[in-house]
Amino acid sequence: MISTAKTVILVVQLVGTFGIMFFIENTLIALCMMLILWFVTFFPFTKQELVVFILACFFYTLGDVLVLNQGIFYFSDTDILGMPYYEPFMWGFYFLHTMRMLGGSSPKQALPGLIFSFIVVATLAYFSNTQLVSWLLIAIVLGGLLVFRTQKDFEYVIYLLGFGLVLEYAGTYFGEWTYSIDNYVLWWVATWALSGLILYRTILPVSIWLVGEGKSGK
C-alpha cells in the first residue's frame, strides 16, 4: 500500500489533470501544463514507469485513431490526428497514475497477457457492430478475471473503470468529445474495464521484460 501523503498527491494530480483538460481552452497550453504537473507529481521515475508511459501512449494513440476513423466518437479539438494536442499523452498518464496509485508487484510472465490482448485485438478487428463488440469485450474482461482472478486484477479493473466513467461523463458534459453511437455507456464500461486488465496483465510484464528487471508477481 502507498502512503497517505502519496495518495493525496495522486488524487490532486488526477483532479488537476481533469481540471486542465476541461477548463483550459488552448490545448497546447493544456498539454504543457499537464506535462509540468505530471513531472512534478511523478518524479522520480523508474525505467519501467517510463516504458509503461511510452507503450501506453503509442498503442492507445493508434487505438484512438482507429476508433475515430470508425466514427465511434470525435473530439471537439482536432489539432493532430483528429484529436487535441494532449490526447496522445493521456493514456500514458492514466496507466502510470494507476500503477502508482495501486502499487504492488506485477505479473511475472507476459505471455498470458499477450494472449489476452491478442483476443481483444482479434475481436475488435473481426466484428464491426459496436454494441456487439462492447458486450464481447465485457465478456472477455469477465473471462480474464475468472482466469487470472488475483486481487490486483480486480483492483486495476475497478480503479480504471471508476475514474474512466467519471472522465467520460465529464468529457461529454463539457463537450470535449462526443459519441455518435447508441448505448455509448456500454462502450465506456467495456473499454475502461478492459484497459485495467491490459495494463496489469500485458503492459506491466512487458515493460519489466523490456527493462530487464526481474520483479516477481502472481
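Student: In this predicted model, is C57 buried or exposed?
Tutor: The relative accessible area of C57 is 12%. The cut-off for buried is under 20%. So C57 counts as buried.

Student: Is C32 buried, exposed or partly exposed?
Tutor: C32 has a relative accessible area of 41%. Buried needs under 20%, and exposed needs over 50%. A value in between therefore makes C32 partly exposed.

Student: How many disulfides does the structure hold?
Tutor: A disulfide needs two cysteine sulfur atoms within 2.5 Å. For C32, the nearest cysteine sulfur is that of C57, 15 Å away. For C57, the nearest is that of C32. Neither forms a disulfide, and the count for the structure is zero.

Student: Now the aromatic rings. How many aromatic pairs does a search of the whole structure find?
Tutor: The search covers the whole structure. One of the pairs is formed by F116 and F148. The number of aromatic pairs found is 34.

Student: Which kind of aromatic pair do F116 and F148 form?
Tutor: Their rings lie 6.2 Å apart, centre to centre. The angle between the planes is 70°. Planes over 60 degrees apart count as edge-to-face, so this pair is edge-to-face.

Student: How many residues apart are F116 and F148?
Tutor: F116 sits in helix α5, residues 111–126. F148 belongs to helix α6, residues 130–148. The pair links distant parts of the chain, and the separation is 32 residues.

Student: What is the relative accessibility of F116, and what is that of F148?
Tutor: Buried means under 20%. F116 counts as buried at 6%. F148 also counts as buried, at 14%.

Note on methods:
Residues numbered from 1 in each chain as written. Predicted model: local features only at pLDDT ≥ 70, side-chain atom pairs only at ≥ 80, totals over all residues. Heavy atoms only, no water. Phe/Tyr/Trp six-rings, centres within 6.5 Å; stacked < 30°, edge-to-face > 60°. Helix = DSSP H or I, 4+ residues; strand = E, 2+ residues; numbered from the N terminus. Buried < 20%, exposed > 50% of the residue type's maximum accessible area, 1.4 Å probe, protein only.
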